[in-house]
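Student: I have a model open and would like to learn how to read it. Can we go through it feature by feature?

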Amino acid sequence: MSCTICDFDTYAKSVPKALKESGLPDLLQGVKKVLVKPNLVNSSPFPVTTRPECCAAVVDFVRSCSNASIVIAEGCGEPSMETTDIFRRLGYHEIAGRLDVELVDLNYAPLRRLTDPECNFFPDIFLPEMAFTHFILSVPVLKAHSLAGITCSLKSMMGFAPPQYYSGSHGIWRKAVFHENMHQSIKDLNKYRTPDFTLVDASVGLADYHLGGETCSPPVGKLVAGADALAVDRECAALLGLDWKTIDHLT
């Protein structure tokens, strides 16, 4: 499957264009519940995390073509903060109030246990029940990553991993177990559940490091959208000047 790359102007103009051209309205036919998932690894503002204005434009578009109920949900990796604190600091409470959308902390959501002996790193896994009752619309930002090469749609699914099982003795970060074998853990996680649709905010881009550092110069100035998360991430690697064939979880 392919994906759509659009020039970025404003969220109000460019998000609807990208979502319409990439076929999201057709995919939402019959969908009753939508989970919009930003990338909120910590409380740093954009371009480390997804702007609430971007998610707001996504919610508005979904409502324009679907009667599905909508939540905005994430599970942060920051060890010293709760996702609810990050929602508040980054302005998601204001957006949620204006749009009448519920904010959900995936780190504490009810869980389902799954097993797959073909998964090398996670032969069994715990994931939120919501991951299987909702259409997952992932809204990450374009970033290079120190361990994964790139973090976009596939790696952002780590937000669904419950800290009670995937932090603790594995390190201070709430999803620290993934750091033991980053690429294989991303592959296994997405074998259990991958996004149904992705919109990547590549309007700026972080060129070197997922928690800060240099932004892309000039700014990338794009939005990337599509139902195939792997195809989306491969296109995003190219936007960062990376060869996806050298990034294990994209091969």
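Predicted model: local features only at pLDDT ≥ 70, side-chain atom pairs only at ≥ 80, totals over all residues.

Student: How many salt bridges does the structure hold?

Tutor: A salt bridge is a side-chain nitrogen of Lys or Arg within 4 Å of a carboxyl oxygen of Asp or Glu. The structure holds 12. One of them pairs Glu74 with Lys37, at 3.0 Å from N to O. Glu74 lies in strand S3 (residues 69–74) and Lys37 in strand S2 (residues 33–38), so the pair ties together parts that are 37 residues apart in sequence. Helices (H or I, at least four residues) and strands (E, at least two) are DSSP runs, numbered from the N terminus.

Student: Are Glu74 and Lys37 buried or exposed?

Tutor: Buried means under 20% relative accessible area, exposed over 50%, and partly exposed in between (1.4 Å probe, protein chains only). Glu74 and Lys37 are both buried.

Student: Which strands does the pair Arg113 and Asp124 tie together?

Tutor: Arg113 forms a salt bridge with Asp124, with the closest N and O atoms 3.7 Å apart. Arg113 lies in strand S5 (residues 111–115) and Asp124 in strand S6 (residues 124–128), so this pair ties together parts that are 11 residues apart in sequence. Arg113 counts as exposed, at 55% relative accessibility. Asp124 counts as partly exposed, at 30%. Elsewhere, salt bridges that share partners join Asp116, Glu118 and Lys191 into one network.

Student: Now a helix. Which residues of H5 are buried?

Tutor: Start with the general idea. An α-helix has 3.6 residues a turn, so residues three or four places apart point the same way. In H5 (residues 92–99), the buried residues are Tyr92, Ile95, Ala96 and Leu99. Seen down the axis of H5, they fall within an arc of 95°, so they line one face of the helix. That arc is taken from the directions from the helix axis to the C-beta atoms. On the other side of H5, Glu94, Gly97 and Arg98 are exposed.

Student: What do the buried residues of H5 pack against?

Tutor: Contact means heavy atoms within 4.5 Å. The buried residues of H5 pack against S2, helix H3 (52–65), S3, helix H4 (83–90) and strand S4 (102–105). Asp100 follows H5, and its phi is positive, near 55°.

Student: How many residues line the largest pocket?

Tutor: Rolling a probe the size of a water molecule over the atoms shows where empty space is left. On a 1 Å grid over the protein atoms alone, a pocket is an open set of points where a 1.4 Å probe fits, with protein on both sides within 12 Å along at least five of seven lines; lining residues have an atom within 4 Å of a point. Here 22 residues line the largest pocket, and Val41, Gly77, His145, Lys155 and Met158 lie nearest its centre. Strand S8 (141–145) and helix H7 (153–156) each supply at least two lining residues.

Student: Last, where is Arg234 found?

Tutor: Arg234 is in helix H10 (residues 229–239). Arg234 counts as partly exposed, at 25% relative accessibility. Not counting residues up to four places away in sequence, Arg234 touches Trp244, Leu250 and Thr251.

Notes. Residues numbered from 1 in each chain as written. Heavy atoms only, no water.
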